[in-house]
Amino acid sequence: MLRRALRLGLGPGLLGRGLGTHREGSTLDWHGKVSEIKKKIQSVLPGGAWSPLCDTSHLPPEHSDVVIVGGGVLGLSVAYWLKRLEKRQGAIRVLVVERDHTYSQASTVLSVGGIRQQFSLPENIQLSLFSVEFLRNINEYLAVVDDPPLDLQFNPSGYLFLASEEGATIMENNVKVQRQEGAKVCLMSPEQLQKKFPWINTEGVALASYGLENEGWFDPWCLLQGLRRKVQSMGVLFCHGEVTRFVSSSNHMETAIGEKVTLKRIHEVHVKVDHSQEYQPVECAIVVNAAGAWSGRIAELAGIGKGLPGTLQGTKLPVEPRKRYVYLWHCPQGPGLEAPLVADPSGAYFRREGLGNNYLGGCSPTEEEEPDPGNLEVDHDFFQEKVWPYLAQRVPAFETLKVRRAWAGYYDYNTFDQNGVVGPHPLVVNMYFATGFSGHGLQQAPAVGRAVAEVMLEGHFQTINLSPFLFNRFYLGEKAQEHCII
């Protein structure tokens with residue numbers, strides 16, 4: 001019974017039903033309360049006009065309809081679409097909480113900024129098709145009056161995936177799905193590949209797939225700042241702090257076949273602000289978990305996964321931080337301006353960076369090689385031993401490359417099926433997810449934000465059906481496996 005109900009999907013949207021910020025059945029009129037408090041203080045103090053007794057501008061508000069945990073591109077995209085789709089301007093109060101206000105460790109700004117449609121799942125292809133339309137028309141979406149237009153520096157050079165004999169059939173099947181969804185992708189034989197890109201050594205390559213349109217890379221920092229600027233102009237509030245606790249109520253229920261479940265609703269989010277040991281409670285109606293690599297910890301704070309193994313109550317959000325290295329090197333004789341982002345069968349990848357024969361690249365480690373995610377230190381030996389040999393074998397000019405710098409960033413890695421988690425939790429009924437994209441969250445953020453906002457407002461996905469990405473699949477054991485992960 002419970003499994004069948006989970007497969008049926010979503011119900012009416014919480015915000016769409018007009019659910020306000022409430023606790024124990026009563027709506028809280030905070031503006032009225034603040035006004036009353038001001039009057040009482042004025043009545044006992046000499047003098048005229050009200051003036052604050054202390055500066056509280058750094059604190060979050062005492063209530064917000066929606067609290068979004070995580071101020072990266074996914075969290076900001078959810079905020080943008082909530083404000084864009086709200087029925088009446090100012091109807092939804094949105095607060096974004098971000099603990100790293102410099103974004104120095106944010107996955108967004110540490111990525112290589114790629115966007116592609118070459119995925120194995122139709123949903124991922126559809127997400128990226130909308131997102132590239134959003135990016136290519138960025139100022140139609142994110143323009144702010146009297147502010148300069150955004151320049152994402154979008155470079156439509158495409159993605160080039162290479163397959164060995166073993167992977168050729170899978171590539172053919174993937175390209176068939178991509179074309180069915182409207183992506184412009186062509187297959188190339190080793191001979192065709194050598195003719196178009198003579199700098200490639202085709203040894204060991206049986207087939208290649210090449211994105212002809214709407215693939216390439218862009219400036220992630222520009223997208224982040226553009227979204228932030230836009231949502232602030234729409235009235236979204238920001239707080240630099242860390243979510244430390246959720247206060248919730250519980251309702252114990254029993255299904256028709258005797259399965260006991262506990263439904264929880266979050267009423268209050270505790271936010272510890274920067275440079276303070278105190279927290280500010282924020283009453284709310286909905287929480288969005290867009291905390292990226294740390295979204296698993298946020299889910300645990302809400303009690304998700306704290307139940308008996310094998311039960312829905314005990315099913316964790318399987319998202320954890322995975323550290324990935326990005327290296328920048330110089331090679332005077334390297335591929336020219338026509339070079340796409342190349343993904344080798346070995347897992348190594350690279351793309352051009354700018355016009356000065358500089359290149360970005362790296363390689364995802366095997367499970368056994370996964371580095372400690374406790375810091376963002378770079379392992380330079382990993383490049384020498386695991387990346388450079390494959391690069392030099394594929395592009396002989398890279399034999400003489402010189403690494404100039406390197407950095408590390410985090411994937412919000414979904415250990416279950418390397419795919420995103422979108423929509424509400426089945427038991428913590430007012431927590432929604434936008435996380436777990438395992439390296440392709442940046443490029444799909446515009447479409448994912450729209451999808452989450454649709455579910456919150458209307459109770460179901462409207463433009464792209466992302467039901468395979470719901471949390472329920474972890475309990476049901478139904479993988480939405482994405483095979484094209486870089």
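Modeller: Gladly! Keep in mind that this is a predicted model. Let's start with a pair of residues: Phe-350 has Gly-361 in S16 as its bridge partner.

Biologist: What makes S15 and S16 paired strands?

Modeller: Pairing takes at least two bridges between two strands. Six bridges join S15 to S16, so they count as paired, and they run antiparallel. Another of the residue pairs is Glu-353 with Asn-358 in S16.

Biologist: How do you know that S14 and S15 pair?

Modeller: The cut-off is again at least two bridges. Strand S14 (residues 341-343) and S15 are joined by two bridges, so they pair, and they run antiparallel. Val-342 stands opposite Phe-350 in S15.

Biologist: Which residues take a positive phi in the hairpins of S15?

Modeller: In the hairpin of S14 and S15, with four residues between the strands, Gly-347 takes a positive phi near 105°. In the hairpin of S15 and S16, which has four residues between the strands, Gly-354 takes a positive phi near 75°.

Biologist: Why are S7 and S17 said to stand at the edges?

Modeller: Look at the order of the eight strands in this open sheet: S7-S8-S6-S14-S15-S16-S13-S17, with mixed pairing. Strand S7 (185-188) and S17 each have a single partner strand, so one side of each is left without a neighbour in the sheet. From one strand to the next, the twist averages 20°.

Biologist: What makes S15 "mostly covered"?

Modeller: A residue is buried when its relative accessible area is under 20%. Five of the six residues of S15 are buried, so the strand is called mostly covered.

Biologist: And what lies across the sheet?

Modeller: Helix H7 (residues 168-180) lies across S6, S7 and strand S8 (207-211), at about 155° to S7. H11 lies across S6, S13, S15, S16 and S17, and runs at about 60° to S13. Among the buried residues of H11 are Phe-382, Phe-383 and Leu-391.

Biologist: How do you know that the span of H11 is close to the expected one?

Modeller: Helix H11 (residues 380-394) has 15 residues, and at 1.5 Å a residue 21 Å is expected; from first C-alpha to last, H11 reaches 20 Å. There is also a kink of about 45° at Val-387, shortly before the proline Pro-389.

Definitions and conventions: Residues numbered from 1 in each chain as written. Predicted model: local features only at pLDDT ≥ 70, side-chain atom pairs only at ≥ 80, totals over all residues. Heavy atoms only, no water. Expected span 1.5 Å × (residues − 1). Bend = angle between axes of the 7 residues up to and from the residue. Buried < 20%, exposed > 50% of the residue type's maximum accessible area, 1.4 Å probe, protein only. Axes fitted to C-alpha atoms, helices over the stretch in contact; angles between N-to-C directions. Contact = heavy atoms within 4.5 Å.
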